[in-house]
Amino acid sequence: MATVAAVGNDLVVLHQLKRGKLTPCISPFALKLETYLRMAGIPYQNDFKDPMGPKGKTPWITLNGKKMGDSQLCLELLAETFHKDFSGHLSVEEKAVARAFQITAEDHLYWVMLVWRWIYNGGSSLPLIQSDLHFAVRYLRPVVVNRVKSQVIAQGIGRHSQTEVMEMGLKDLRAISNFLGTKSFLMGDQPIEADCAIFGMLAQILWNSPGSPYQLLFDDELINLKMYCHRMKETFWPDWNQCLIS
Ligand SMILES: N[C@@H](CCC(=O)N[C@@H](CS)C(=O)NCC(=O)O)C(=O)O
């Protein structure tokens with residue numbers, strides 16, 4: 001973890017789960033936030049020891065001694081502090097569309113991904129994506145599975161059949177794919193903040209969901225999403241492979 005002196009000097013500490021085997025971050029929200037820090041050129045340090053933040057979720061940041069949870073609130077605090085705006089060229093309608101796609105990814109597709117990872121797949125793909133999970137995840141997998149079960153029942157998606165849920169996820173992916181079309185990034189030639197969120201989520205499905213029913217589609221109908229993920233990776237993560245753990 002970064003020293004207190006470093007923390008107090010506009011240095012961002014990004015607290016998140018340990019690195020993954022296939023993607024640097026196994027949480028879509030952490031991948032979003034770390035990608036944003038890179039896009040914005042904001043200096044940061046990672047802390048992998050204390051991943052759960054003030055709101056009981058990961059990731060979170062410390063900035064000048066202030067603790068902030070929630071990737072979006074963190075991103076907005078960073079944007080304000082460091083005077084960054086990657087969406088300023090967009091019209092209000094375009095900003096609204098970008099937000100709608102971000103929410104589709106983070107607040108709908110996320111739940112599909114979560115229910116697949118922890119319930120339909122029972123967390124069994126985890127050793128493939130993360131070799132060094134925290135004790136609570138690695139040894140208390142049934143506890144985590146039960147926790148996710150109650151979360152998805154409360155959220156609502158856990159009340160549907162697996163077929164229904166997977167169809168909902170496919171519709172989200174198709175919507176993002178159709179809107180992206182042949183563009184390089186969500187809203188055109190330049191990546192914006194929402195691209196970090198969408199990349200964070202799509203990367204979990206493309207790389208971190210081995211055996212998921214969507215994977216074959218990334219080589220077929222959803223090929224532009226796969227190319228998009230590779231584009232984001234190449235643009236912001238030239239050190240991607242060095243960040244992975246074996
Ligand atoms: N809206 C939050 C969501 C964060 C979130 O749900 N993180 C998950 C990991 S991907 C988590 O911490 N789950 C633990 C739990 O819910 O107990 C954000 O954008 O940071």
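Helix axes are here lines fitted to C-alpha atoms over the stretch in contact, with angles taken between N-to-C directions. The model on display is predicted.

**First stop: helices α2 and α3**

Select residues 28–40, which form helix α2, together with residues 71–82, which form helix α3. The two axes lie 9 Å apart, and the helices pack at an angle of about 10°. Since angles under 35 degrees count as roughly parallel, α2 is roughly parallel to α3. To view the contact itself, display Phe29, Lys32, Leu33, Tyr36 and Leu37 on the α2 side. Their counterparts in α3 are Ser71, Gln72, Cys74, Leu75, Leu78 and Ala79. By class, this contact of α2 with α3 comprises eight nonpolar residues, two polar and one charged.

**Second stop: a salt bridge at α2**

Next, show the side chains of Arg19 and Glu34, which form a salt bridge with their closest N and O atoms 2.9 Å apart. Arg19 belongs to the loop between β1 (12–15) and α2, whereas Glu34 sits in helix α2, so the pair ties together parts that are 15 residues apart in sequence. In the whole structure, a search finds six salt bridges.

Domain 1 contributes 26 residues to the contact and domain 2 contributes 29 residues. About 2,400 Å² is buried between the domains, and carbon and sulfur atoms give 65% of that area. On the domain 1 side, select Lys21, Ile26 and Met39: these lose the most area to domain 2, and together they account for 25% of what that side buries.

One salt bridge is found across the interface of domain 1 and domain 2. Display also the side chains of Lys32 and Glu106, which meet in a salt bridge at 3.0 Å, N to O.

Finally, move to residues 162–180, helix α8, and residues 223–236, helix α10. Here the axes come within 9 Å and cross at roughly 75°. The two helices are therefore roughly perpendicular to each other. Display Leu173, Ile176, Ser177 and Leu180 in α8, which meet Asn224, Leu225 and Tyr228 in α10. The contact of α8 with α10 consists of five nonpolar and two polar residues, with no charged residue.

Note on methods
Residues are numbered from 1 along each chain as its sequence is written. This is a predicted model: local features need pLDDT of at least 70, side-chain atom pairs count only at pLDDT 80 or more; totals for chains, interfaces and linings use all residues. Side-chain values use heavy atoms; hydrogens and water are left out. Axes are lines fitted to C-alpha atoms, for helices over the stretch in contact, and angles run from 0 to 180 degrees between N-to-C directions. Helices (H or I, at least four residues) and strands (E, at least two) are DSSP runs, numbered from the N terminus. Angles under 35 degrees count as roughly parallel, over 145 as roughly antiparallel, 65 to 115 as roughly perpendicular and the rest as oblique. Contact means heavy atoms within 4.5 Å. Ala, Val, Leu, Ile, Met, Phe, Trp, Tyr, Cys and Pro count as nonpolar, Asp, Glu, Lys and Arg as charged, and the others, Gly among them, as polar. Buried area is the accessible area (1.4 Å probe) that two parts lose on being put together, summed over both. A salt bridge is a side-chain nitrogen of Lys or Arg within 4 Å of a carboxyl oxygen of Asp or Glu.
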